[in-house]
Amino acid sequence: MSHPLQPAEPEPTGAPPGTEQPPDELSTAVALPDGDDLAVIEVPAGDGDAQRSPVGRLAATVERLRREVREAQAEADGRALIELAKGILVERLGCGPAQAARQLAELTEQAGMSPLEFAVEVINQAARDRVAEVTSAFLASTAEDRDSGASAVRLRAAESGALAAHDAQAVAESLMEHALRPIGAEAVAIWALGSDGSLTLAGSAGFSAAEAARWRYVPPGVATVARRGLGERSGHWIGCLSDTPLPSIGQHLHPDGGRAAVPAGTGGRIHGVLEIVWPGPIEPQSPQIVRQVEALAELCAHTLETSTPPRPGDEWRPGVRPDVAELMDLADGLHDPALVLLPYLDAEGELVDFRIHHVNSRFLDPSGRPRGVVSGSLLLEAYPMAAGESELFDQVERVYATGEPFRARRMRLTALVDEVPLAAVADIHASRHGGCVLLIWRMEDETARLASLLQHAQRLGRIGGFEENLITGEITWNGQLYDLYGKPPSDGPIPLENLPAHAHPDDAVAIGRFLRTLLHHRRPASVAFRLQRPDGVTRHIRVVAEPELDTDGRLFVVRGAYQDISAHHWTEVALAATRDQLAHSEQQASERNRLALQLQHAIMPPTQAPLDAPGLRVAVRYRPAETQHLVGGDWYDAVVLPSRLVLLCVGDVAGHGIDAATSMVVLRNALRGLAVTGAGPAQLLSWLNMVVHHLTGGVTATAVCALYDPERHTLRWARAGHLPPVLVRGTEASPLPLVKGLLLGAVPEATYEEGEVQLAVDDTLLMYTDGLIERRDRSVEESLTQLLVAARTVPPTLEQQLDRLLTYSRSDTDDDTCIVGVRVA
């Protein structure tokens, strides 16, 4: 199956006129009158009886006549091209028409081509136009000369039909018949571009009359497929219309079809758009097809063009075109500088520049040149930088091509005078009127701009200025100062000497000092005071003033400004209150931390004497957090019970501060009291979990509890979410086998597993909190491995071993650390 955009094989013309097909190959439909309607009768192929009937003979006659009409149309279209080729040979060879016809026939026979194809080849060689360029591209891209020749014939036939057509509708039908249907297209629309940017359907083929009527006019600014094609030089190609939200003619008939919208322009000006519709999606098109469509769009532009462009050199002279005179009158009635621009074309009809045909009396050149110097010159000659920094020329060219107006604020205009660039800033407006462009610019007044900036600065800064003549008594206020005072301008300004009457009484001394410095000592002065306005509002104001002396040294003018500093004042008040509140909070936090630290040290001092137990050496170490605000809830205990068993435990209450410290005291004392009952470690932790859950207000904690029997050298232990103890035996160190146990306070009731280990002489057991090993950049498993490595080195005494573990601890969380060490003697 061929690509929908590739040239299709030429339609077979069938048998020559006057011959009939065999009856068994005939299959057609015939419309016959049937009362007021048409009856459609289809005669199937191979039905000999039906074909020998009157209806069958009528169907065969209709088919034959239809075929003859198509052949006659093709012959008529080709006859004009053959006659044109004969005329080219007459001019080139200097012979008569009969000799040119014989020469054309001989050359056709030698080339092995049909007369029509050879005639088109002669025309292409002589014309060297856009159609010839497209044909050459096809010849270069395909090995089948027949396909390329057929494409050239179709394009030349379409061109002949378009030039002979009397309107755009006939052009659309000719393009559809000769050039677009062979490449798979199903419909075509030719849009005319109005001066206001609107689109009018000038001609169409393949659409119903109702659909064409619905789309007869598209207002300016409405986004459609055709309008999108205006903004792109090579047009806008859509593979499938359903992939884009843009509406278009016939979109409900071909929702999944492909589209191409190509601008139709000549001589640098766009007159409309050629829109082509395919019934189904299309793939990216080849360059040859794109050029063919562009050539067809150029044919449409010749039909859409309403006036012939002026010849080079004549377009700028006065009185040549009537629409120019009307535009000149319009420009002269404007209050802003205006230029009337006419297109300047080269010998090939391409737009190269614009001639400044007329400038109005308001015209103001950036470099100060008179109007007579600028009028009559080319735009790029008068303002060469328009093609560079500001892209003004590109915008004017676009306005002329599309008809869409252009507006820009603060565009830079630069003129070259004696090779010196002189720049100015202006607001630009350009619009097309017929074949002319009206360019308006409003130069920016630097003085007015600075005055406007000063006015905005005074408004934003809430500043009002004044001037007071002490000799004449004349006082001048600006509008912002009246707003600060809450007075209408009709009430008049207030002299400086009356300032105390409008201020808070407590500020009278400061205002008096200000007036004495300013008026008596004649020095600049400033003061801040509370202004009491007539509406009852009090504003905090700062006034700054300076005196001006005359040539005799007398004071005659005082100038100054008022500024509303109420927001600044209340910000300072809020900041002062915030500072006081912050200082109070810091003091409270410091007191709480000091209390928590004292409580922690009272219960567990950093150093403690070794526990005296038979056959057992016990040592403890406690290292508080490095910063006082991180006082935590780490705790430990080592005590000989009445049963001669030794209670060993460590724990960690979640959180820091006074709450954690008090919870630590509760847990430590509760465990000591519960241990005298003689219960095992698992039962003790179960009871302690109930204490934590019901008595401490939502506190959670971890703990390890162990009971050592000196007689049997056995250690029974249980854990509640805590790290297991480490057993050091000889040069090996390993954690005790893990037993299950939920952290304290998580649930009302919890059951804990209990483990037992047999200790030998010189064995060392280490119980610790996570402050010893915890790091932010490593997992707990990695930190525990490092602890085991450090514990394998056993110093002579247990105290030295605990000190060594604290010294080489790699913890970086600044948390409390507790270690309980047990060595069997």
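Two strands count as paired if DSSP finds at least two bridges between them. Keep that in mind as you look at this predicted model, where eight bridges join strand 20 (residues 616-623) to strand 29 (residues 817-824).

- Six strands make up an open sheet, and reading across it gives the order 19-20-29-28-25-26.
- The pairing in this sheet is antiparallel, and strands 20 and 29 run that way too.
- Which strands stand at the edges? They are strand 19 (611-613) and strand 26 (732-735), and each has a single partner strand, so one side of each is left without a neighbour in the sheet.
- From one strand to the next, the twist averages 20°.
- To see the pairing residue by residue, find Leu616, which stands opposite Val824 in strand 29.

**Helices on the sheet**
- Helix 21 lies across strand 25 (726-729), strand 26 and strand 28 (764-768), and runs at about 145° to strand 26.
- Helix 22 packs on the sheet as well, touching strands 20, 25, 28 and 29, and its direction makes about 30° with that of strand 20.

**Where the two helices meet**
- The axes of helix 21 (residues 780-791) and helix 22 (residues 798-807) come within 10 Å and cross at roughly 140°, and the two helices are therefore oblique to each other.
- The crossing is right-handed.
- Helix 21 brings Leu787, Ala790 and Ala791 to the contact, while helix 22 brings Gln801, Arg804 and Leu805.
- Sorted by class, this contact has four nonpolar residues, one polar and one charged.

Technical notes. Residues are numbered from 1 along each chain as its sequence is written. This is a predicted model: local features need pLDDT of at least 70, side-chain atom pairs count only at pLDDT 80 or more; totals for chains, interfaces and linings use all residues. Side-chain values use heavy atoms; hydrogens and water are left out. Axes are lines fitted to C-alpha atoms, for helices over the stretch in contact, and angles run from 0 to 180 degrees between N-to-C directions. Helices (H or I, at least four residues) and strands (E, at least two) are DSSP runs, numbered from the N terminus. Angles under 35 degrees count as roughly parallel, over 145 as roughly antiparallel, 65 to 115 as roughly perpendicular and the rest as oblique. A crossing is left-handed if the near helix is turned anticlockwise from the far one by less than a right angle, and right-handed if clockwise. Contact means heavy atoms within 4.5 Å. Ala, Val, Leu, Ile, Met, Phe, Trp, Tyr, Cys and Pro count as nonpolar, Asp, Glu, Lys and Arg as charged, and the others, Gly among them, as polar.
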